[in-house]
Amino acid sequence: MRLSLTAAVAFLLVILAACVPPPETGASGHPNPIIVRDFAVSNGVITLDPSFGFSLSRGAPGVPPRTRAASVGRAAAFSLADAIVTQLGSLGYDAIRSDTAQAEPGGRALIVSGVFRQIHEGHRRQGARVAVDVEIGYQASADAAPTRLTAFSHAAAGRTGGGVNAAATAVGRTIGNYAADLARTNNWPAAPR
């Protein structure tokens, strides 16, 4: 009886030890990240496709252009940031998509941000185009303000039938490659594995 009670207590202690997280060291595992911010977009830079946004119900109004433009802008911003992070990750860098992340204490960060200059839906998903102004900055520590390393503009058209999201993804891949080249030039460490 004593042996089984001792075994049960030992088993519970092992389970309890497995459930208790290790003590915090202050690091979240991203000592040298490349942080990608969502690019700013305003409805004024968006040209909508007039063949979309209608209602299938006769007599019912379609989606208001302002609401549709905001939705197109959010989708393009998401596709762009996601493509940058995916491209950087595929090239071996620790990329994070966040509007609030900073360099960790004792670490540093590259920060990719920007603004959309143009989002053109084209007509029936043909001729979609996205243009952005990009800024890449360097943050030396958690309490330091980022310093601009470079700024440039880039634009791309969507592949046939791909629309705005395809154009934003193409722009994002190019920006990801450029950021990776900049990181490589500055001996930026690869992601921890």
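**Salt bridges and overall organisation of the predicted chain**

Arg 148 has a relative accessibility of 55% and therefore counts as exposed, since the threshold for this class is over 50%. The model examined here is a predicted one. Arg 148 takes part in a salt bridge with Glu 135, and the closest N and O atoms of the two residues are 3.8 Å apart. Because Glu 135 belongs to strand S5 and Arg 148 to strand S6 (residues 147-157), this pair ties together parts of the chain that are 13 residues apart in sequence. Glu 135 is partly exposed, with a relative accessibility of 33%.

Side chains of opposite charge can pair when their charged atoms come close. In the present model, the count of salt bridges comes to five. One of them joins the side chains of Arg 97 and Asp 38, with an N to O distance of 2.8 Å. This pair links distant parts of the chain: Arg 97 lies in strand S3 (residues 95-97), whereas Asp 38 is found in the loop between strand S1 (34-36) and strand S2 (46-47), and the two are 59 residues apart. Arg 97 is partly exposed, at a relative accessible area of 35%, and Asp 38 is likewise partly exposed, at 31%.

A further salt bridge is formed by Glu 121 and Arg 68, whose closest N and O atoms are 2.5 Å apart. Glu 121 is located in the loop between strand S4 (109-120) and strand S5 (129-139), while Arg 68 is part of helix H2 (residues 65-90); the pair therefore ties together parts that are 53 residues apart in sequence. Glu 121 has a relative accessibility of 13% and so counts as buried. Arg 68, at 13% relative accessibility, is buried too. Both assignments follow because the limit for a buried residue is under 20%.

Of the 193 residues in the chain, 35% are buried. The accessible surface comes to about 11,300 Å², and carbon and sulfur atoms account for 58% of this area. When contacts between residues at least 6 apart in sequence are considered, 73% join residues at least 24 apart.

Note on methods
Residues numbered from 1 in each chain as written. Predicted model: local features only at pLDDT ≥ 70, side-chain atom pairs only at ≥ 80, totals over all residues. Heavy atoms only, no water. Salt bridge = Lys/Arg side-chain N within 4 Å of Asp/Glu carboxyl O. Helix = DSSP H or I, 4+ residues; strand = E, 2+ residues; numbered from the N terminus. Buried < 20%, exposed > 50% of the residue type's maximum accessible area, 1.4 Å probe, protein only. Contact = heavy atoms within 4.5 Å. Areas by Shrake-Rupley, 256 points an atom, 1.4 Å probe, with all protein chains shown as cover.
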